Amino acid sequence: MEAEKYAKELEVAVRVVHVACALCGRVQERLFSVNDDHVMSKDDDSPVTVADLSVQATISWLLSETFGSQNVSIVAEEDTEIISKDDSAGLLAAVVATVNESLASAPKYGLQSPETTLETAEVLKAIRRCSSTGGPSGRHWVLDPVDGTVGFVRGDQYAVALAMVEDGKVVLGVLGCPNYPVKTESLDYHYQNHETKSNLASAIPEAWGKGCVLYASKGSGKAWLQPLIAGDNILEWPNYAQLIQVSSIDDPALATLCEPVEKANSNHSFTAGLAQSVGLRKQPMRVHSMVKYAAIARGDAEIFMKFARSGYKEKIWDHAAGVVIVEEAGGVVSDAGGRLLDFSKGIYLEGLDRGIIACSGLTLHDKLIAAVYASWDSSNL
Ligand SMILES: Nc1ncnc2c1ncn2[C@@H]1O[C@H](COP(=O)(O)OS(=O)(=O)O)[C@@H](OP(=O)(O)O)[C@H]1O
Ligand SMILES: [Mg+2]
């Protein structure tokens, strides 16, 4: 079976995403832990840069070590430009330290650590190795080390997204969501009571962290959720994995729309118009990052829409992992013309028709696609 063909790759991908989530959690904690008032300014992008580059280096090193660097092609968001400048020695040192700290913890997640700490040159090499541009043939890992950078610096939702594309099709996807609680009731609590979210910890069993990892293999018809592990716990496969499914709600009046937080990333008034025309009644849930795909896959929302300004080209790493997880959990994802997203054309989702619509089922999806056709000409997108 197709899904079993990738069992080893999927398990390794899930384990490396756990390592990456722990890394991001540590960096984010440092950002928010100093005397409660944030010593680092939220406009200072260095913590997110450290997390981004360190995750990319760590995942690149672990995948290459496990599968052999000659077999590993990685398409990822970051390059080394920002740490190659004369004044960025401090940033580079922080990345090297963070990568070594994370790789030292790899055995806890069932992965190999390096025999000796990595030198700066090896860390840079691991980051630069991720410069593949994908394409229609061969096997390519697709990585967004920190998706939802705005959410990350706000101490809010962000994701680590890793997928594998083979011959232009996404064959597996893993989404690490470090701030997305395992329990749905906790999620509601989280969204409604932002400032008190630290109380969440008490609601979750001790062995479980406050976040989760979702994953799926194409064609398996199954999508899974594991809790992040906390403290000194060790990741023992399958680590409490539970099956997840999309919501069964198909009545627009009961459905929840999930969309980007930032107006700059998606046209909120256009999606509000679509929502109204199909009969949605609830307030949209605005969430940073691919956690939106996770929310659909887990059944916490029924619809995800993103309509970027015209001229913006969506990147494959912002969608690959989320799409396969939603599809295997029972959902539907397409562009606004109803066509499947094309991951075979390099780093962009070439040919994407206007926007992205992901739904828990066909009933809602068909209604939204029809609504796009009905309202597009009068929109000014
Ligand atoms: N102008 C514009 N239009 C549309 N999309 C853009 C745009 N600029 C960036 N991006 C990409 O959107 C990713 C963040 O999307 P989100 O849905 O997480 O946005 S939001 O923070 O909730 O508003 C974001 O991913 P990250 O860079 O990983 O955060 C970008 O890849
Ligand atoms: Mg992204």
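Here is a short walk through this predicted model, from its nonpolar core to its ligand and then to one of its helices.

Let's begin inside. The largest nonpolar core has 117 residues, and those touching the most other members are Leu162, Ala163, Leu175, Leu214, Ala297 and Ile325. Helix α2, spanning residues 7–33, is the biggest contributor to this core, giving 13 residues. Both domain 1 (2–244) and domain 2 (252–378) supply at least three residues each. Beyond its neighbours within four places in sequence, Leu162 is in contact with Ala13, Val16, Val17, Ile59, Trp141, Leu143, Val174 and Ala321.

Now turn to ligand 1. It is surrounded by 18 residues, of which Thr149, Pro260, Val261, Glu262 and Ala308 are the closest. Ligand 1 lies between domain 1 (2–244) and domain 2 (252–378), because both give residues to the shell around it.

Finally, have a look at helix α11, residues 362–375. Its 14 residues reach 20 Å from first C-alpha to last, close to the 20 Å expected at 1.5 Å a residue. Buried along α11 are Leu364, His365, Lys367, Leu368, Ile369 and Val372. The buried residues of α11 pack against helix α8 (268–278) and the strands β10 (303–306), β11 (332–335) and β12 (356–359).

Conventions. Residues are numbered from 1 along each chain as its sequence is written. Chains are lettered from A and ligands numbered from 1 in the order in which they are written. This is a predicted model: local features need pLDDT of at least 70, side-chain atom pairs count only at pLDDT 80 or more; totals for chains, interfaces and linings use all residues. A nonpolar core is a set of buried Ala, Val, Leu, Ile, Met, Phe, Trp, Tyr and Cys residues joined through C-beta atoms within 7 Å. A residue is buried if 20 or more other C-beta atoms lie within 10 Å of its own, exposed if 12 or fewer, and partly exposed in between; C-beta atoms are placed from the backbone. Helices (H or I, at least four residues) and strands (E, at least two) are DSSP runs, numbered from the N terminus. Domain bounds come from an automatic or database domain assignment. Two residues are in contact if their C-beta atoms, placed from the backbone, lie within 7 Å. The expected span of a helix is 1.5 Å times one less than its number of residues. A residue is near a molecule or strand if its C-beta atom, placed from the backbone, lies within 6 Å of it.
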